[in-house]
Amino acid sequence: MSANLLRRAMLGFIVSAPVSGLIACGYRLRGMVDLPFKAIAITGNPSPPLRADIQTAILQGTDVKVAINPKDADLILEITNDLSGREILAYNSAGQVSAYRLNIRVGFRAYDVAGAEVIPDSEIYMTRDMDFSNTTVLATDVQQQQFLSLMRKDLAIQILRRVSAAAKAPRTKSF
């Protein structure tokens, strides 16, 4: 009886030790982004997939609405540029491309309805390396589109996290 109880206690300790370690170091799941705004308008010229990813991140990851008209929004998120592309990363011994580097560069700024700057002109740059083979060109194209889609979704969340951090930070007053 006591050996069984001791075994259960040891098993409970072994199971709970990693979770306790994660909690002790401050780790927590991403969860929702806390934004102190009621509506955000997306302006500028983002690509349609980036606009859709930002809208999805706002609607699914926050309690904020997406405003069509900037006059109805508390915050205006202006996408100043949205560039994506790829560059050759490596060649094989036959001189053929063996790896690409995918990149996305998004410039943005955020300001409130009164024109007060919440985030000055900022930029996020993401890269991802991708192997390439001439024998699987179609599969590689699909994989490239999937990588770009995942990168855009991550960019949208990073933009919202920057907006959240900037909105919570105390503003400096200029005299």
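This is a predicted model: local features need pLDDT of at least 70, side-chain atom pairs count only at pLDDT 80 or more; totals for chains, interfaces and linings use all residues.
Trainee: Let's start with the whole chain. What is its order of elements from the N terminus on?

Mentor: The order is α-β-α-β-β-β-β-α, which comes to three helices and five strands.

Trainee: What makes the chain more spread out than a compact globule?

Mentor: Its radius of gyration is 23 Å, while the globule rule gives 16 Å for 175 residues, so the chain counts as more spread out than a compact globule. The C-alpha atoms fill a box of roughly 70 × 60 × 30 Å along the principal axes.

Trainee: Now a single residue. Why is S164 called buried?

Mentor: The relative accessible area of S164 is 6%. Buried means under 20%, so S164 is buried.

Trainee: Where does S164 sit, and what is it in contact with beyond its neighbours within four places in sequence?

Mentor: S164 belongs to helix α3, residues 137–168. Leaving those neighbours aside, S164 is in contact with V33, D34 and L35.

Trainee: How do you know that the span of α3 is close to what is expected?

Mentor: From its first C-alpha to its last, α3 reaches 46 Å, and the expected value for its 32 residues at 1.5 Å a residue is 46 Å.

Trainee: Which other residues of α3 are buried, and what do the buried ones pack against?

Mentor: Among them are T140, Q144, F147, L148, M151, R152 and L155. The buried residues of α3 pack against α2 (48–61), β3 (75–91), β4 (97–112) and β5 (117–131).

Trainee: Why might residues three or four places apart in a helix point the same way?

Mentor: An α-helix has 3.6 residues a turn, so residues at that spacing point the same way. In α3, the buried set also includes I159, L160, V163 and S164.

Trainee: And K71: why is it called exposed?

Mentor: K71 has a relative accessible area of 71%. Exposed means over 50%, so K71 is exposed. K71 lies in the loop between β2 (65–67) and β3.

Trainee: How far is K71 from I58?

Mentor: Their C-alpha atoms are separated by 18 Å, and the two residues are 13 apart along the chain.

Terms used: Residues are numbered from 1 along each chain as its sequence is written. Side-chain values use heavy atoms; hydrogens and water are left out. Helices (H or I, at least four residues) and strands (E, at least two) are DSSP runs, numbered from the N terminus. Buried means under 20% relative accessible area, exposed over 50%, partly exposed in between (1.4 Å probe, protein chains only). Contact means heavy atoms within 4.5 Å. The radius of gyration is taken over C-alpha atoms; the globule rule is 2.2 Å times the number of residues to the power 0.38. The expected span of a helix is 1.5 Å times one less than its number of residues.
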